[in-house]
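The entries follow the order in which I looked things up.

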Amino acid sequence: MYIFGPVPSRRLGLSLGVDLVPSKVCPMDCVYCECGRTTLRTSVRKPWADPALVIAELKERLEVLPEPECVTFSGAGEPTLNSGIGEVIGFLKSRSPDSPVALLTNGALLEDEKVRKDISGVDIVIPTLSAVSQEVFERISRPEPGLTASGIVEGIRKLSRESSSRLWVEVFIVPGINDDPREVALIRETLLQIEPDKVHLNTLDRPASEPWVRPAPTERMEELRRYMRPLDTEIILPPKSMGAGKLRGSEMESGILELISRRPCTPEDISQVFGVSEKEAETYLQELLNSGRIFVEKRERGDFYKIK
Ligand code: SF4
């Protein structure tokens, strides 16, 4: 299964997810990753998922679903590692030229001209830039050897110059690692040169791969937002209820399993994604717990359900 959702995305509305690499294949192993530890750290590009199979599944899903507000390349790995991404983007844009396609990327491969060409058809590129100094980059993102913060900055800079896609840069704040005045000043200075359309300040919302990672307090996020001026900066807030679904019974169970295999969810998340009450979401989750297919992890923000 390469397609998931639609899920309410905090910035893209009701978004149909496309996962082009197996979980968790990524050039980095970020301490804040919500998909768990990276199992294969690599920058090798290849058809990790066969683009023809991804397109076939997309066709099937788009026929039965209400039109999503966005189709987003994301998931539990780095989408640009799939050398067939351009083919899948080409299919989506030829099927529905006006429907937005977005790409969430860690920016590791953007220095590569071929990668920038492959993704040139997307409407919105959202690369992450959470560190500019190599030392902080290594502590927060634990990249594979040879990957540099300056290379990522250069890739985003080139994309900004060459591409007509909207560029929204995400800065993920991990208190105690990248929120000190020096690093924040470097990030701001770099972004002022890149001139993205928007800056998204983000912080932890679900369990991180390292349990010691905590979200930045709201007041600190607000302070950073003001500091980023004159950059157009938003703090990413949890999604509002969007009521996507009409699934019931075993279809609903499969939908929930598909979603939480990619990211841990609370009953509130399930209720928002599938348009059911929280009580109903809890009943489905309890059944899945009883069947031993999922487990629960208690966190400050609530009970997060995860796939076994
Ligand atoms: S947050 Fe993104 S870049 Fe970092 S490890 Fe997770 S998937 Fe990879």
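I began with Pro 230, which I found in the loop between α7 (218–227) and β10 (233–235). The peptide bond joining Arg 229 and Pro 230 is cis, with omega about 10°. I keep in mind that this is a predicted model.

Ser 23 and Lys 24 are joined by a cis peptide bond with omega near -20°. I placed Lys 24 in the loop between β2 (13–19) and β3 (25–26).

I looked up Arg 142, which is not a glycine but has a positive phi of about 40°. Arg 142 sits in the loop between α4 (134–141) and α5 (149–162). It counts as partly exposed because it has 18 C-beta neighbours inside 10 Å. Glu 195 is also not a glycine, and its phi is positive, near 55°. I found Glu 195 in the loop between α6 (181–194) and β9 (198–203). Is Glu 195 buried or exposed? Glu 195 has 11 C-beta neighbours inside 10 Å, so I list it as exposed.

With 6 C-beta neighbours inside 10 Å, Asp 98 counts as exposed. I took the C-alpha separation of Asp 98 and Asp 123 as 9.5 Å, for a spacing of 25 residues along the chain.

Entry 5, the ligand. Which residues surround the ligand? I listed Cys 26, Met 28, Asp 29, Cys 30, Cys 33, Cys 35, Thr 38, Gly 77, Glu 78 and Asn 106. By class, I have 5 nonpolar, 3 polar and 2 charged residues in this shell.

I noted 10 helices and 12 strands in the protein chain. Its radius of gyration is 19 Å, close to the 19 Å from the globule rule for 308 residues, so the chain is as compact as a globular protein of that length. The C-alpha trace spans about 50 × 45 × 35 Å along its principal axes. Of the 308 residues, 42% count as buried. Of the contacts between residues at least 6 apart in sequence, 72% join residues at least 24 apart.

I have domain 1 as 3–235 and domain 2 as 249–307. Their C-alpha centres are 25 Å apart. The contact takes 11 residues from domain 1 and 10 residues from domain 2. On the domain 1 side, strand β1 (residues 3–9) gives the largest share, 4 residues. That side has 6 nonpolar, 2 polar and 3 charged residues.

Terms used. Residues are numbered from 1 along each chain as its sequence is written. This is a predicted model: local features need pLDDT of at least 70, side-chain atom pairs count only at pLDDT 80 or more; totals for chains, interfaces and linings use all residues. Helices (H or I, at least four residues) and strands (E, at least two) are DSSP runs, numbered from the N terminus. The radius of gyration is taken over C-alpha atoms; the globule rule is 2.2 Å times the number of residues to the power 0.38. A residue is buried if 20 or more other C-beta atoms lie within 10 Å of its own, exposed if 12 or fewer, and partly exposed in between; C-beta atoms are placed from the backbone. Two residues are in contact if their C-beta atoms, placed from the backbone, lie within 7 Å. A residue is near a molecule or strand if its C-beta atom, placed from the backbone, lies within 6 Å of it. Ala, Val, Leu, Ile, Met, Phe, Trp, Tyr, Cys and Pro count as nonpolar, Asp, Glu, Lys and Arg as charged, and the others, Gly among them, as polar. Domain bounds come from an automatic or database domain assignment.
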